[in-house]
Amino acid sequence: QVQLVESGGGLVQPGGSLKLSCVASGSGFNINSMAWYRQAPGKRRELVARITTGSRTNYGEFVKGRFTISRDNAKNTVYLEMNSLRPEDTAVYYCNVGVTTREDPWIDYWGQGTQVTVSS
């Protein structure tokens with residue numbers, strides 16, 4: 001079993017910055033990919049950014065160089081640094097982790113979500 005705890009959301013003005021963190025805890029697993037998704041009211045959940053074990057990254061098209069995903073494997077933590085935030089970035093941001101266990105080659109886990117609101 002893997003537990004994910006997210007932090008760093010909040011209210012920020014347009015053009016501002018936030019840094020989200022997600023820590024994975026538990027035992028008996030190896031983390032593969034780590035990612036951030038977001039879901040705005042009335043919209044589908046969409047990929048914001050993903051980072052693999054080898055630190056390869058991919059981003060949603062809307063990111064346009066404004067966000068950076070990184071990970072600290074020693075701490076089982078993934079970060080999302082968001083700059084030049086826009087009102088349309090307002091959403092609940094979810095951490096997603098894909099792990100391998102002795103019994104299962106891939107299991108997806110989700111965090112509880114952290115609200116990001118961009119407004120003046």
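Tutor: A salt bridge is a side-chain nitrogen of Lys or Arg within 4 Å of a carboxyl oxygen of Asp or Glu. Please keep in mind that this is a predicted model, in which local features need pLDDT of at least 70 and side-chain atom pairs count only at pLDDT 80 or more, while totals for chains, interfaces and linings use all residues. Residues are numbered from 1 along each chain as its sequence is written, and side-chain values use heavy atoms, with hydrogens and water left out.

Student: How many salt bridges does a search of the whole structure find?

Tutor: The search finds 3. R38 pairs with E46, their closest N and O atoms being 2.8 Å apart, and D89 pairs with R38 at 2.9 Å. D89 lies in the loop between β8 and β9 whereas R38 lies in strand β4, so this pair ties together parts that are 51 residues apart in sequence. (Strands are DSSP runs of E, at least two residues long, numbered from the N terminus.) R66 forms a salt bridge with D89, with 2.7 Å between the closest N and O atoms.

Student: Is R66 buried or exposed?

Tutor: Buried means under 20% relative accessible area, exposed means over 50%, and partly exposed is in between, using a 1.4 Å probe and protein chains only. R66 is buried because its relative accessible area is 7%, and D89, at 1%, is buried as well. Through shared partners, the salt bridges join R38, E46, R66 and D89 into one network.

Student: Which residues touch the most other members of the largest nonpolar core?

Tutor: In soluble globular proteins, nonpolar side chains tend to be buried together. A nonpolar core is a set of buried Ala, Val, Leu, Ile, Met, Phe, Trp, Tyr and Cys residues joined through side-chain atoms within 4.5 Å. Here the largest core has 31 residues, and W36, V48, L80, M82 and Y93 touch the most other members. The elements that give two or more residues to this core include β1, β3 and β4, while β9 gives the most, with 5 residues.

Student: Where is T114 found, and what does T114 touch?

Tutor: T114 is found in strand β11, residues 114-118, and is buried because its relative accessible area is 11%. Contact means heavy atoms within 4.5 Å, and, not counting residues up to four places away in sequence, T114 touches E6, G9, L20, A91, V92 and Y93.

Conventions. Helices (H or I, at least four residues) and strands (E, at least two) are DSSP runs, numbered from the N terminus.
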